[in-house]
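Visitor: I would like to learn how to read side-chain contacts in a structure like this one. Could you take me through some features, one at a time?

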Amino acid sequence: MKKTKQILTLATTASLLMGSISVPAYAATTFVDINTVTWSGFKPFLNQAAELGLMSGYEENGKRYCKPRNNVTYCEAVQLMYSIMKAYTKQDVNDATVTKWKPVISAYNIPTWAYKATAYGLENSILTTAELNKLQGGTKAANREDVGVIFGKAMDTVKGYDVKSGATLGYADKDAISATAVPYLELLYRVNLMVGDSDNKFNPKKNITRAEMAVLSVKSYNKLVENKGTETNRKTATGTVTDCKTMQNGDIFLTMTASGSSLSLFGVKGKVTAKYNGQTIALSDIKTGDTVKVTYEGQYMSSITVTYSKNGIKQTTEKKYELKDITDSKITVKDGSTEKKFYLDDDVEIRLDGKKSTVSKLSRALEDTSYDVTLTLDKDEYVLKVVAVVNANNPTDGTVTDVEDDEITIKSGKKEYTYTLASDVEVTYNGNTMKFSKFQRNYDDSNFVVSLKLDKNNRVSEIKITSMEDDYNGTLTFLNSKRIEFTAGSKTYQYNLSDDVTVRIDGKKSSVSALRESYRDGKAYTVSVDTNRDDEVTELLAVSKFSSNNKGKLSKISKRELTIVAKEKDYTYGLADDVDVTINGKNRDVSDLIDSYKDYSFNVTLGFDKNGDVCEITAEMADAKEGYLRDLVEDKRTITVTAAGLNIKMDLASSVTVKLGGESISLTKLNSELDYAYGDSQIYVELGYNGSGEVKTITAFWEDARGELVSVDRRADEIEVRVNGSKKTFEISTRAEFVYKLSAAADADDYKRNLRYDEDLYGLQDFLDACSDARDDCTVALTKDSKGKIVRICAIAG
């Protein structure tokens with residue numbers, strides 16, 4: 001018998017695709033082609049979309065297909081948005097609204113089944129008439145950017161999901177995204193509804209597939225309908241402002257004509273937001289003749305969106321970044337770990353350390369000094385003004401290389417840093433005040449080493465000379481019980497020690513033998529000597545300068561001291577009260593190193609203050625044994641994982657063994673899986689290394705949730721986990737795998753009696769009991785199957 005294929009009409013297809021949410025037509029639907037998805041993480045979303053009646057699929061030869069790779073049309077996307085919003089508001093669009101917009105909708109030959117959804121979009125400013133050509137005929141495939149804007153505008157109508165003023169995107173292809181779309185795509189990114197791929201690309205012009213649409217629709221439905229939203233009595237209106245007054249206290253009184261009726265509303269300063277083109281504006285910017293969309297309850301407005309400004313609204317925003325580079329046309333800044341580029345306006349204003357400057361001067365200054373910049377941007381994100389100040393994280397201790405009337409330059413390490421002087425700057429040495437003119441005359445010959453104090457404007461308010469070089473001041477190069485040598489500039493000076501010489505180290509009374517022993521152990525000192533008439537040293541003052549053994553592997557660290565291994569020897573140093581810590585280029589705290597050093601290997605470079613205490617730690621994580629997979633570049637043979645809040649890049653061996661969920665796969669397959677890792681579903685990897693420090697093995701697992709294990713219900717095969725502050729219950733599959741780990745923070749002795757675990761919830765209960773007894777945190781990482789049941793539990797103590 002010849003098989004026939006049932007071809008569904010467009011209208012029938014749409015009704016199946018966008019079926020009513022209120023009556024799930026095919027609960028727990030399983031599509032016969034569910035395994036054709038490009039990423040297994042799509043499966044639960046497609047199944048849930050079917051259960052909710054969002055996507056019922058296609059019937060062919062008595063079987064149901066989801067066709068996950070098929071494109072979604074604009075009409076279908078709008079219908080999905082409308083179905084979700086209708087379920088949230090519990091209101092259907094009324095016939096009067098459909099009648100109002102029907103002439104426009106029919107003029108664009110939009111299918112009749114999409115009339116209500118289109119009318120809803122137009123009435124609520126989610127769609128504009130200029131966009132209706134995309135819905136014409138109902139067959140045009142929708143791209144990711146346009147669908148994002150539709151859903152972003154719909155979310156913006158819900159309290160608590162507002163677009164942000166001056167929103168920006170960090171995608172690698174952000175330049176391909178329309179400026180008008182940015183606020184809405186940023187909102188979707190912020191609430192984790194729509195994000196980019198593993199290359200940090202959004203792919204705005206790429207057609208959206210049914211699988212991707214299932215993810216967006218189900219997540220939006222869950223955000224709004226399952227979470228019940230936050231407002232029930234709110235109304236919206238769109239119309240023209242006929243009268244508008246901003247009160248002296250900042251409140252606003254607004255009268256508008258909407259749907260032929262006059263509406264008078266009141267807005268309280270601080271409780272009502274006003275926006276134009278996605279950016280926040282002042283209430284006073286709203287004028288008579290403007291077209292606005294207002295959200296209100298009773299007589300009080302909660303939001304005002306200006307959709308048309310009769311006289312125009314000048315929009316600027318200010319943003320602060322770390323400056324990386326500046327040219328005649330562009331400025332590059334660092335926002336966290338992401339670099340951003342902005343174009344400079346033709347008439348851009350530059351201010352450097354409070355003075356009017358130029359792009360070229362700021363570019364030259366950046367060669368020696370790090371700067372923070374505050375950028376003033378117009379609505380198109382062109383830079384109108386750049387205000388640059390010295391980065392507060394720059395070193396303030398170093399050797400003076402230049403002194404001008406209003407500036408000082410010091411050298412720290414291999415770089416020079418220039419600071420602006422306050423008008424009343426004070427110069428001191430050994431507790432005594434020195435005239436600035438004398439300091440300026442002698443800095444070159446005396447080789448001053450200074451510690452600078454900055455005021456709130458990052459200007460130097462105090463210059464404290466910690467050492468200088470001349471006949472009686474220099475860097476210690478030799479010391480025994482009878483003689484001392486030090487260098488000053490290019491000269492070496494020798495003195496005999498008197499029998500009753502007084503010695504002080506870092507301000508504390510000491511002895512020649514103690515100073516000699518410390519110097520031999522690797523500590524460096526600047527010294528100042530006083531002599532008698534026989535040119536014998538009677539007083540010797542030594543100040544710790546830096547350590548010659550300041551680089552090594554971190555061995556141990558506490559709140560008071562740390563130990564490093566350098567040249568196969570242990571060196572222990574005290575910590576200053578305030579220590580600047582960077583780990584892999586990011587600012588961190590000492591506590592971060594204390595928490596992580598047992599689990600990860602760190603190479604550190606130390607900086608010392610005048611007292612010889614460590615005041616600066618620059619740490620690099622050498623490798624990571626496990627973490628979340630972030631990037632995999634096969635041709636460059638590198639893998640990047642996120643561990644301890646840091647992105648660590650490592651080299652891959654020429655041959656790598658890879659397993660995902662116990663199945664052997666290729667690097668290419670793992671890379672393909674990574675393309676679809678986002679939101680709560682991420683890939684967690686455990687890494688093995690060869691003798692050259694290259695990654696040799698990758699054991700990977702999908703991780704859908706992670707949190708604190710609260711309780712175990714063995715009868716119901718369930719566990720309760722606190723995820724992001726909220727308790728959630730998870731059902732355990734009968735084929736679940738149980739893995740147990742002890743972190744460095746856990747004491748293995750507390751778990752010895754429980755090291756043999758059953759492969760079921762009894763063993764997990766024993767592990768939880770042991771955690772409770774030891775007062776350790778018990779964290780579980782969970783992996784789900786396509787039905788939402790947990791198939792892998794990794795329990796971690798410590």
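**Rings, bridges and a charged patch**

Guide: Let us begin with a cluster in which ring pairs link Tyr-472, Phe-486, Tyr-493 and Tyr-495. Please keep in mind throughout that this is a predicted model.

Visitor: How many aromatic pairs are there by this rule?

Guide: A pair of aromatic rings is described by two quantities, the distance of the centres and the angle of the planes. By the rule applied here, the count comes to twelve aromatic pairs. In the case of Phe-436 and Phe-439, the ring centres are 6.3 Å apart and the planes stand at 40 degrees, so the pair is tilted. These two residues, Phe-436 and Phe-439, are three residues apart in helix H10 (residues 436-446), and are thus separated by about one helical turn.

Visitor: Is Phe-439 buried or exposed?

Guide: Phe-439 is buried, because its relative accessible area of 0% falls under the 20% cut-off, whereas Phe-436, with a relative accessible area of 21%, is partly exposed.

Visitor: How many salt bridges does a search of the whole structure find?

Guide: The general idea is that side chains of opposite charge can pair when their charged atoms come close. A search of the whole structure finds 14 salt bridges. One of them joins the side chains of Arg-144 and Glu-212, at 3.5 Å from N to O. This pair links distant parts of the chain, since Arg-144 belongs to helix H6 (residues 144-156) and Glu-212 to helix H8 (residues 210-226), 68 residues apart. Arg-144 is buried, with a relative accessible area of 8%, and Glu-212 is also buried, with a value of 18%.

Visitor: Which residue forms a salt bridge with Lys-789?

Guide: The partner of Lys-789 is Glu-731, and the closest N and O atoms of the two are 3.4 Å apart. Lys-789 lies in the loop between strand E43 (778-784) and strand E44 (790-797), while Glu-731 lies in strand E42 (residues 726-742), so the pair ties together parts that are 58 residues apart in sequence. Lys-789 is partly exposed, with a relative accessible area of 32%, and Glu-731 is partly exposed as well, at 38%.

Visitor: Which residues form a negative surface patch?

Guide: The negative surface patch is formed by Asp-577, Asp-578, Asp-580 and Glu-616. Strand E30 (residues 569-583) supplies the largest share of this patch, three residues, whereas Glu-616 has its place in strand E33 (residues 614-623). Glu-616 is partly exposed, with a relative accessible area of 37%.

Terms used: Residues numbered from 1 in each chain as written. Predicted model: local features only at pLDDT ≥ 70, side-chain atom pairs only at ≥ 80, totals over all residues. Heavy atoms only, no water. Patch = residues over 30% accessible without salt bridge, like charges linked within 9 Å, V, L, I, M, F, W, Y side chains within 5 Å. Areas by Shrake-Rupley, 256 points an atom, 1.4 Å probe, with all protein chains shown as cover. Salt bridge = Lys/Arg side-chain N within 4 Å of Asp/Glu carboxyl O. Lys, Arg positive; Asp, Glu negative; His and termini not counted. Charge placed at Lys NZ, Arg CZ, Asp CG, Glu CD. Helix = DSSP H or I, 4+ residues; strand = E, 2+ residues; numbered from the N terminus. Buried < 20%, exposed > 50% of the residue type's maximum accessible area, 1.4 Å probe, protein only. Phe/Tyr/Trp six-rings, centres within 6.5 Å; stacked < 30°, edge-to-face > 60°.
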